[in-house]
Every structure is written in C-alpha cells, then in structure tokens.
Amino acid sequence: MVENRPWLTVIAHVVLLLGLLITAFPVWLTFVASTHEGTALTQFPMPLWPGSHFLDNYGTILFSGAKAAGGQPVLLMLGNSLIVALGIAVGKIAISIIAAYAIVYFRFPLRQTFFWMIFMTLMLPVEVRIMPTFEITANLGLLNSYSGLIVPLIASATATFLFRQFFLTIPVELVEAARLDGAGPIRFFRDVLLPLSRTNIAALFVILFIYGWNQYLWPLVVSTDPSLTTIMTGINALVRVPDSEPQWHLLMAMSMLAMLPPILVVVVMQKLFVRGLVETEK
Amino acid sequence: MHQSSPFNHRLLPYLLVLPQIAVTLAFFIWPALNAVWLSTRQEDAFGLSSEFVGLEHYIAIFHDGTYTRALVNTAVFSTGVTVVSLALALLLAVMADRVVRGAMVYKTLLIWPYAVAPAVAGVIWWLAFNPSIGVVAYFINILGYDWNHLIKARDAMMLVIFAAAWKQISYNFLFFLAGLQAIPRSLIEAAALDGASPFRRFWTVIFPLLSPTTFFLLVVNIIYAFFDTFALIHATTAGGPAGSTETLVLKVFMDGFVGLDLGGSSAQSVVLMVMVMALTVVQFRFVERKVQY
C-alpha cells in the first residue's frame with residue numbers, strides 16, 4: 001500500500017462485501033424458492049429462508065420432471081447438456097489444434113485463404129445467421145440429433161488462433177531435433193506438440209465447456225424431440241407454459257441444477273479458467 | 001510463421017484443416033452468403049418460387065416501425081449494460097486492488113457469475129423482480145414505486161439491463177483487476193509523494209493508464225450486449241411488453257421462425273453481420289496496439 005489510510009481500507013471492504021451481496025443475492029433467492037412448495041410462493045414477498053421441500057422438489061424435477069412443461073425428467077436434460085457441452089468443447093479443441101498445426105508447420109497453397117476463412121467465423125455469431133444455418137442443418141438431415149446440436153457449433157477461430165500463437169512460440173530447434181531423430185509430422189504432433197499444449201488445452205476446455213453447457217438458441221431451433229431437451233431448453237419450456245404464473249419452485253430447482261456444473265468448473269479450476277479467459281481474448 | 005516449412009507433405013496439411021474448413025463452409029460461410037441472397041429475393045405466397053427484388057427488403061425494414069424500435073431498444077440496452085457493468089466492475093476492481101488481505105477470496109467470490117448461463121441469469125432476476133412475489137419488487141414498492149415489468153416498458157428494459165450487466169461484471173472485474181495490477185507501483189507512489197489524494201490519483205494516473213483495458217472491455221461488452229443476450233431476453237420478457245425489450249437479434253429470430261418472413265429476416269441478418277464485422281475490426285485493431293503497449 002502506498003500510504004496508510006485505514007478508513008479507505010474499511011470503505012474498500014464495505015464496497016466489496018456489498019458487491020458480493022448483490023452478486024449472490026439472486027442465487028440465494030433461487031435456492032430459497034427451490035426449497036418451498038408451490039403454494040408458499042404466492043405471498044408477496046416470497047419467503048427469504050429455505051423451506052422443507054428441498055428433497056421433494058429436486059426429486060420431482062430430477063426423476064419425473066414438471067408436468068406442465070412436457071414432463072421430461074431433468075436428469076435426462078442434464079445428461080443431454082453434458083453430452084452437448086463435452087461434444088462442443090472436445091470438438092472445437094480437436095479440429096482447431098490440427099488446423100493450427102497445419103497452418104503453422106506446413107507451407108501449402110491456399111494456406112492464407114483457409115486462415116481467413118477461419119477468421120471469418122468470429123464475425124458470424126449463430127444468432128445472426130440463425131435461419132439459413134437452420135436450413136442447411138435441416139438439409140443435411142441433422143435435425144433432432146446430437147450431431148445437429150454439436151457439429152454446427154464446433155468451428156472456432158478463437159481456439160485456432162490460441163493454438164497458432166502458442167505453436168509460434170515453440171523454438172524451431174525442437175522441430176529440427178525431432179526431424180533429425182526421424183520423427184515424421186504425425187509423430188512430432190503426438191509426442192511433442194500435444195504434451196506441450198496440455199495447459200492450453202485444459203484452459204480452453206474450461207471456457208468451451210461453459211460455452212457449450214450454456215447454449216440456448218441453437219438447441220431451441222434444432223431439436224423438437226423431447227428426449228433431446230437440454231437443461232436450457234427445458235427451462236425455456238417451463239417459463240413458457242401458457243396462461244399461468246410459472247411453477248416457481250420447480251423452475252428455480254431447475255435453474256439451480258443448470259447453474260451448478262459450470263459454476264463448479266469455474267470455482268474448482270479457477271486458475272485455468274482465468275488463464276483461458278485471458279488467453280482467448282488475445 | 002516459420003520461415004521454411006519444417007515438414008513437406010502434400011496431402012497431410014489439407015487433411016488437417018479439412019474438418020475446421022468443412023464446418024466453417026457449411027455452417028458459417030454458406031449460411032451467411034445464403035442470407036445475403038435471400039435478402040434480395042421475395043418468395044411468393046406458397047414459397048414455391050421467388051423473384052429478385054433488389055434492396056426492397058432493406059428499404060422495407062428501415063421503414064418498419066417495429067424494426068426501428070428494435071434498433072433503439074438495442075442501443076438503449078447495450079449502452080445500459082455496458083455502462084452499468086463497466087462502472088460496477090471498475091469500482092469493485094479498484095477496491096479489490098486496494099485490499100491487501102483477502103483480495104484472492106473476493107476474486108473467487110466475484111467471478112462465478114460468468115459461468116451462469118444468460119438464460120438462467122435472466123430467470124433468477126426475473127424471480128427477484130417479479131411483481132407478485134419478488135423480493136426486490138417488494139422493496140421498490142415500499143419506496144413508493146409500483147414496479148411491474150410485465151406491463152411497464154421501462155421496468156422491463158431495466159430488468160433485462162440489470163440481469164445482463166450482473167452476469168458481465170465478473171468478466172470486466174477480472175480484466176480491470178489485471179489491468180490495475182499491471183500499473184507500476186512507483187508511478188502511484190510518485191503521485192502520492194507529490195501530495196495527490198487517492199481520489200485524485202485515480203483520475204489523473206490510474207484511470208488514464210487503464211484506458212486500453214477500458215476500451216477493450218467497451219468493445220467486448222457491446223458485442224456481448226448485442227449478440228450473447230438473446231437467451232436472457234428470450235427466456236424472460238421474450239421481447240415484451242409490446243415489443244419494448246425486443247432487440248435486433250430477437251427480432252431476426254421472431255420474424256424468421258415465428259413470422260416466417262424469410263426475406264425480411266435475412267435482410268436483418270445481413271445488417272447485423274455488418275455490425276459484428278465493424279465491431280470485430282475495431283476489436284482487432286485495438287489488440288494490435290495492446291501488444292505494443
């Protein structure tokens with residue numbers, strides 16, 4: 001500290017604690033609402049302290065689902081979200097790392113063109129081109145399938161750039177040494193580059209898992225099959241129940257379950273998460 | 001790039017870029033070109049044939065009151081989100097930077113909202129502000145304002161701004177904190193020796209040195225507010241009441257999937273693409289400068 005001003009430090013703590021309070025407050029309300037029975041959530045304001053229906057609500061939602069919204073068990077939705085999130089994260093990393101490898105370590109016609117094509121994907125978020133993307137996915141027969149939920153989202157300029165930047169920092173001597181030892185391009189990739197990229201892959205995985213888990217619009221349009229409902233489209237279905245207030249207790253239990261996995265990932269892997277966030281923005 | 005190619009292989013590099021390029025072409029570039037094409041065509045009533053209409057759809061959307069309304073909504077929404085989340089995040093980061101003890105704990109406790117899905121962030125604030133059971137709405141009522149985002153346009157807009165800003169604070173906080181910690185202590189000490197108060201030091205030394213971070217975050221936040229908040233709005237107000245929270249991305253979806261207006265929706269897509277391109281170019285030109293700095 002530059003100088004000792006105790007009252008400023010006190011103010012700093014107060015502001016930070018207020019910040020924490022605002023940040024955590026809606027999640028507390030969500031948790032509280034998820035532990036009451038539906039009828040308790042009609043008074044104004046709703047209770048501020050947890051009720052006794054924690055097991056009831058979570059049991060209902062996990063194993064039999066909300067009747068009003070089609071009644072898919074949330075356990076199934078969580079499973080689908082996990083498959084989609086893993087598929088997107090692994091898919092993006094896999095196709096980006098090999099593309100970056102080709103672009104950095106090989107000279108070939110159209111190399112620059114490919115690089116710019118990958119760059120273009122940054123400028124085309126799915127929300128912007130939703131109609132025609134839906135159409136091509138339908139034409140390829142990918143509607144209502146895991147491939148349809150995953151493949152159209154796995155192109156990644158960010159991941160490709162990250163790996164490209166990283167490969168460029170690897171000394172050329174390493175490649176030459178590997179070549180003198182008789183290693184071909186595939187061997188070099190597998191035995192040298194891949195192990196060196198481990199931290200980058202992990203950091204990227206954290207960010208991309210969250211990205212995949214939180215997908216909303218794309219699953220909403222490509223899957224109408226109830227057995228493919230992800231947790232986000234499930235929440236949408238429960239919000240959208242026509243002509244009634246939502247069933248808050250079930251909706252909030254679902255929201256808790258939807259938040260938990262990505263939050264755990266961020267908190268447990270905080271270092272990797274921060275690294276991934278900062279690296280992907282370069 | 002490496003000066004000479006370390007490996008000579010004719011087919012292998014193509015095989016390596018193939019998956020990425022195939023996905024890019026099929027699901028990014030082709031749909032984008034298709035949107036441009038569709039935006040110049042008008043389908044007949046049965047969707048059997050279409051004819052070239054030039055810029056008609058573009059002229060039509062800018063004469064459409066609901067489109068200009070969405071344009072204004074988007075401007076208000078993204079300005080609100082950017083200002084609120086940047087200001088709060090900067091305040092928290094400056095405080096966390098001051099605190100020697102517990103800075104890491106605060107950091108851990110502040111960054112997790114990043115992981116909350118936009119849809120969920122919307123839904124949980126929707127509960128807090130709900131006019132018939134929400135705790136926040138209750139306190140606002142006590143203060144003498146009858147909060148109701150279900151019927152009042154301004155309340156609905158404030159709700160989605162607040163929820164979207166809440167989710168983005170953690171991201172901004174991390175970058176501001178990193179930026180603050182990169183400022184050399186000696187500069188701040190020199191200012192303190194010259195008798196500058198903490199408040200003055202912030203505005204004359206710290207804030208100007210932080211401007212690259214601020215500018216970078218400004219662009220990122222605008223992009224976030226424009227495109228990543230679809231779920232947040234769709235899962236809560238769904239653009240209502242009476243279109244008062246309908247942003248541009250929401251309208252593309254509504255007109256395309258609900259209204260089945262292919263040409264109009266495509267023209268809107270193209271306008272949005274131009275906007276993202278402009279923002280991305282700004283972002284990347286800035287990144288070049290950040291490297292120097």
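**View 1. Chain B meets chain A through 81 residues from chain B and 86 residues from chain A.** Contact means that C-beta atoms, placed from the backbone, lie within 7 Å. The model is predicted: local features need pLDDT of at least 70, side-chain atom pairs count only at pLDDT 80 or more, and totals for chains, interfaces and linings use all residues. Residues are numbered from 1 along each chain as its sequence is written, and chains are lettered from A in the order in which they are written. On the side of chain B that touches chain A, helix 1 (residues 12-38) of chain B gives the most, with 20 residues. Helices (H or I, at least four residues) and strands (E, at least two) are DSSP runs, numbered from the N terminus. This side of chain B has 65 nonpolar, 14 polar and two charged residues. Nonpolar covers Ala, Val, Leu, Ile, Met, Phe, Trp, Tyr, Cys and Pro; charged covers Asp, Glu, Lys and Arg; the others, Gly among them, are polar.

**View 2. Chain B is assigned domain 1 (12-52) and domain 2 (56-292).** The bounds come from an automatic or database domain assignment. The C-alpha centres of the two domains of chain B lie 31 Å apart.

**View 3. Helix 10 (residues 198-213) and helix 13 (residues 248-268) of chain A come within 10 Å, axis to axis, and cross at roughly 170 degrees.** Axes are lines fitted to C-alpha atoms over the stretch in contact, and angles run from 0 to 180 degrees between N-to-C directions. The two helices of chain A are therefore roughly antiparallel (over 145 degrees). Helix 10 of chain A makes the contact with Val206(A), Phe209(A), Ile210(A) and Trp213(A), and helix 13 of chain A with Pro261(A), Pro262(A) and Val265(A). Seven of these contact residues are nonpolar, with no polar and no charged ones.

Notes
Parallel < 35°, antiparallel > 145°, perpendicular 65-115°, else oblique. Contact = placed C-beta atoms within 7 Å.
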